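Student: Could you take a close look at one part of this model for me? I would like to see how a single residue sits among its surroundings.

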Amino acid sequence: MATDLSLYRNIGIFAHVDAGKTTTTERILKLTGKIHKTGEVHDGESTTDFMEQEAERGITIQSAATTCFWAGSDKQFEPHRFNIIDTPGHVDFTIEVYRSLKVLDGGVGVFCGSGGVEPQSETNWRYANESKVARIIYVNKLDRMGADFYRVVDQVKNVLAAKPLVMVLPIGIEENFTGIVDLLTMKAWIWDDSGQPENYEITDIPADMQEKAEEYRAELIETAVEQDDDLMEAYLEGNEPSIEDIKKCIRKGTIALDFFPTYCGSSFKNKGVQNVLDGVVDYLPSPTEVKPQPEVDMEGNETGEFAIVDPSRPFRALAFKIMDDRFGALTFIRVYSGTLKKGDTVVNTFTGKNERIGRIVEMHADNAEERDGCSAGDIIAFVGLKNVQTGHTLADKDNPATLEPMVFPDPVISIAVEAKDKSQAEKLGVAIGKMVKEDPSFRVETDEDSGETILKGMGELHLDIKVDILKRTHGVEVIVGAPQVAYRETITKPVTDSYTHKKQSGGSGQYAKIDYTIEPAEPGVGFEFESTVVGGNVPKEYFPAIEKGFRTSIDKGPLAGYPLLDIKVKLTDGGFHAVDSSAVAFEIAARAAYRQSMPKAGPQILEPIMKLDVFTPEDHVGDVIGDLNRRRGMIKTQDPTPTGVRIKADAPLSEMFGYIGDLRTMTSGRGQFSMEFDHYAPCPKNISEKVIADAKEREEAKRK
């Protein structure tokens, strides 16, 4: 059966913590007839938050994909199929947002009517810009104290540097918020107090809003007609375009990311949500209207081909999320092109192995509906795939290609965990294996000497929740060590040096001589190697061995054994022996040279600096800033908001442990903050001395 892809909308709903994203998703599912009793987040009963940790903390940790149909508030459309991905808003889970954005065609950015554009919404907005996802904006919670639609619209302009296209105006505010003015039809939608979304009437605009509505409508039309020269000319001559034509223009501009249609309402009170859904159909792109994903060959080079959304082309799909639940191991897949039937075999281009697709299910948040097949444009789940991880491409085995792989940030914080007893140790290994598959920003290492398991993640909360999942979902009790910061090392001055590796002991000997310079490289380079050897003093075939010797050494820095960043090694000269030289000899020489020269290159410890965004009520600003200064924070800006002050600062991660508790104490529970990794910077002397001393202590402990 051929599906009409113009009736598909793959959308994500993303926002800051507590902007009402999950409640909005709930209302959408209710309006589209998917659920009959609406779950409330604050009762811990929402449909898409079905993990215990989610219900308990009232935040969305996992994105859940769900499907529903919408035919319009007035049944004015053919039923459109919405694949909705509910993404988390918390900064430690940005990876989830990032993964979801990769596979979406459009999004709804939810902002809180009183909180406005909050720190996390900025990060998510930036990610969505990078992924070129068309969005509509929904300003929620207008029934709240301190809500102000027009202020949030200004923040979208100033903080996000985006162009909001206001589609509706609120009628009344805070507890008097009763409905909206639709600027296209110039009619008012007024809801009654029953809290039922369908109990509204469409009436004339309140007289006191007529002027404002006309002013905003003129702005709306002027912006829209810029998308079409003929309509613009006609408009300038005084002919107003038809609503159909205006909608076409808005759709074109929205998909081109020129502006973002902006709606408002209160999801909790069921006011204004239908208009957002109509906007999704009217203005957000279908899978065929989005720039297709570039294909790369098995070596990672772009082929110039694109995964065009078309069921008749070769199969291409991206695994964007892996979840273990009561239905088994679910791999969430976005199908870009081609079709697939149950029982077909595809190739995982990352591992090169074939995978047979046994069961295909369509997820409705916590329920799985069996399907016989899937095709281009679908977001579905495969059950029981063993070796597929997030970011892997599944492709037609006779015609393989890879979709551009996802890139994940490196973790900045680690904790050591050990199982409480022997019986738990085995369970721990299995559980962690599953968890690493589910979340690529979560890494695990085993410390060979101490046998400890080291968990690495994006922040304290991230690791907190991982430990929680270990306990609840997998039933593993662990003892958790103190958090460790992922320090790095670098060098501050160039060193020119020479090293000769000689070994004669019966049989063939080993000989390699290298002259080299080690110098600091540009920040962000990592490791660079070049050779300026002329005249064959070191034969070319040994260059890779020398590079490998240095490259494998930089995992352990000279000061405290942390990985080295940003160094450049230049091979300037050397010597070899016709019989005794070999690649191995040159690799050994490079490793020894590294150990010999590094301590002379002015090594220093670098620490991760986090970008901090702190919100505090006005009367506690002094305390919060004083505390940040004590934590070696650099205050960058202070912006007054209607409900308090937002402080942006840079601070070292090592000083930020337990910050949320301290912040809440200082601000009587009203402060909030978010942080994300920004860059590495040199440590002050007293700190680096302590880091080095701690590293020595750990070494000694291992020896014992």
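Tutor: Phe-69 counts as partly exposed, because its relative accessibility is 43%, and that class lies between buried, under 20% relative accessible area, and exposed, over 50%, with a 1.4 Å probe and protein chains only. Do keep in mind that this is a predicted model, where local features need pLDDT of at least 70, side-chain atom pairs count only at pLDDT 80 or more, and totals for chains, interfaces and linings use all residues. Residues are numbered from 1 along each chain as its sequence is written, and side-chain values use heavy atoms, with hydrogens and water left out.

Now to the setting of this residue. Phe-69 belongs to strand S2, residues 64-70; strands are DSSP runs of E with at least two residues, helices are runs of H or I with at least four, and both are numbered from the N terminus. Setting aside residues up to four places away in sequence, Phe-69 touches Thr-32, His-80 and Arg-81, where contact means heavy atoms within 4.5 Å. Phe-82 also belongs in this picture: 13 residues separate Phe-69 and Phe-82 in sequence, while their C-alpha atoms are 5.8 Å apart in space.

Thr-616 counts as buried because its relative accessibility is 0%.
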